[in-house]
Amino acid sequence: MNQETLALKANQPVAAASAESTGARPVVKVIRGQPTSDGAGVKLTRVIGAAELPELDPFLLLDAFHSADPKAYIAGFPDHPHRGFETITYMLAGRMRHRDNKGHSGLLDAGGVQWMTAGRGIVHSEMPEQRDGLMSGFQLWLNLPASEKMADARYQDIPAASIPVVVAGGVTVKVIAGAIDGERGPVDPAATVPVYLDVALPAGTSFATTLPPGHAAVAFVFEGAADVGPSAAPTRVEAGQLGVLGEGGAFAARASGQGARLLLLAARPLGEPIARYGPFVMNSEGEIREAIADYQSGKF
């Protein structure tokens, strides 16, 4: 293995060239996240879910949040409902207290993940708890198939120590969902068979991995910059930008001179109708009206 390249394949290591030879996915669109606010005025960068990319089946939303000013986030996200999809919160710094109307409470600390399946309905709050002023992380919304939209709500609270870390050639990969190099992420398999990797590349290093054919896939660079795609025709994706990936059997990225850190996300599209109203995502307008009525009548 080239000491400057980390190449991974589901459940077994491969040579760098073999991941590339299966067809590294090109970047078909580059999107810069848009500043917005949510909850009680928390400032966010919306990467998926804004006008330029309203959704990418099955991804519904990707928000990045980062602030060293507690006044920008301390009011948090008071009680609000969800139905019909999953929320995945990944904390890089700071911590978030979760409470819901079913009696569940938990503290999501730096490096940890909460994978919440809202299913038929839940009302919860996500309130930051200040630690050294900094709050940083991501929230992803992942759609559920019609067959699972009315399932019971459930949680997977995953501390940082339970997330496998693969290190080779200077590249560090945290495996939140999916399996690479014999390391499987701690998230129970979902209908969309997701891949969720946090990849840190020092300057001059490269990373390659196979991806399931047919999965929708994106790479969000949140530090530095990376050249993403086939080595013959890569696309530069800079911090704060999302690269939407085209078809192919692999992902490849090369760090710029300043290094890079990125999220690699992939999941199987559902190919189902999407009806969406705020925190409710169903398959028809009638189901949305039912969700609103159920919430207003206290049935969540």
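The discussion below moves from the whole chain to single residues.

Colleague: How many helices and how many strands are there in the protein chain?
Modeller: Please keep in mind that this is a predicted model. Helices and strands are DSSP runs, where a helix needs at least four residues and a strand at least two. Counted in this way, the protein chain has two helices and 26 strands.

Colleague: Which pLDDT does the protein chain average?
Modeller: pLDDT is the predictor's confidence in each residue, on a scale from 0 to 100. Over residues 1-22 the value stays under 50, while 90% of the residues score at least 70. The average for the protein chain is a pLDDT of 87.

Colleague: What share of the residues of the protein chain count as buried?
Modeller: A residue is buried if its relative accessible area is under 20%. The protein chain as a whole exposes about 12200 Å², of which carbon and sulfur atoms supply 51%. Of its 300 residues, the buried share is 53%.

Colleague: What percentage of the contacts with a separation of 6 or more is due to residues 24 or more positions apart?
Modeller: A contact means heavy atoms within 4.5 Å. Among contacts in the protein chain with a separation of 6 or more, those between residues 24 or more positions apart account for 72%.

Colleague: Is arginine 83 buried or exposed?
Modeller: Arginine 83 is found in the loop between β7 and β8. Its side chain makes a polar contact of 3.1 Å with the side chain of aspartate 294. The relative accessibility of arginine 83 is 3%. Because the limit is 20%, arginine 83 counts as buried.

Colleague: Which residue has a side chain joined to that of glutamine 139 by a polar contact of 2.9 Å?
Modeller: Glutamine 139 lies in strand β13 and is buried, with a relative accessible area of 14%. Leaving aside neighbours within four places in sequence, its contacts include Leu61, Phe65 and Thr89. The polar contact of 2.9 Å joins it to the side chain of glutamate 126.

Colleague: What distance separates the C-alpha atoms of arginine 154 and isoleucine 122?
Modeller: Arginine 154 lies in strand β14 and is partly exposed, with a relative accessible area of 35%. Not counting residues up to four places away in sequence, it touches Trp115, Met116, Thr117 and Asp188. Isoleucine 122 is 32 residues apart from arginine 154 along the chain, and their C-alpha atoms are separated by 9.5 Å.

Colleague: How far apart in space are serine 147 and alanine 177, C-alpha to C-alpha?
Modeller: Serine 147 is found in the loop between β13 and β14. At 68% relative accessibility, serine 147 counts as exposed. Serine 147 and alanine 177 are 30 residues apart in sequence, and the spatial distance is 22 Å.

Colleague: Which residue does a cis peptide bond join to aspartate 57?
Modeller: Most peptide bonds are trans. Here omega is about 10°, and the bond is cis.

Colleague: What value does phi of valine 193 lie near?
Modeller: Most residues other than glycine have a negative phi. Aspartate 181, in the loop between β17 and β18, has a positive phi near 50°. Valine 193 lies in the loop between β18 and β19 and is partly exposed at 39% relative accessibility. Phi of valine 193 is also positive, near 45°.

Colleague: Which residues form one aromatic cluster?
Modeller: Two aromatic rings pair if their centres lie within 6.5 Å. A search of the whole structure finds nine such pairs. One cluster is formed by Tyr90, Phe138, Tyr196, Phe220 and Phe222.

How values were computed: Residues numbered from 1 in each chain as written. Predicted model: local features only at pLDDT ≥ 70, side-chain atom pairs only at ≥ 80, totals over all residues. Heavy atoms only, no water. Buried < 20%, exposed > 50% of the residue type's maximum accessible area, 1.4 Å probe, protein only. Polar contact = N/O pair within 3.5 Å; in protein donor to acceptor, adjacent residues only side chain to side chain. Phe/Tyr/Trp six-rings, centres within 6.5 Å; stacked < 30°, edge-to-face > 60°. Areas by Shrake-Rupley, 256 points an atom, 1.4 Å probe, with all protein chains shown as cover.
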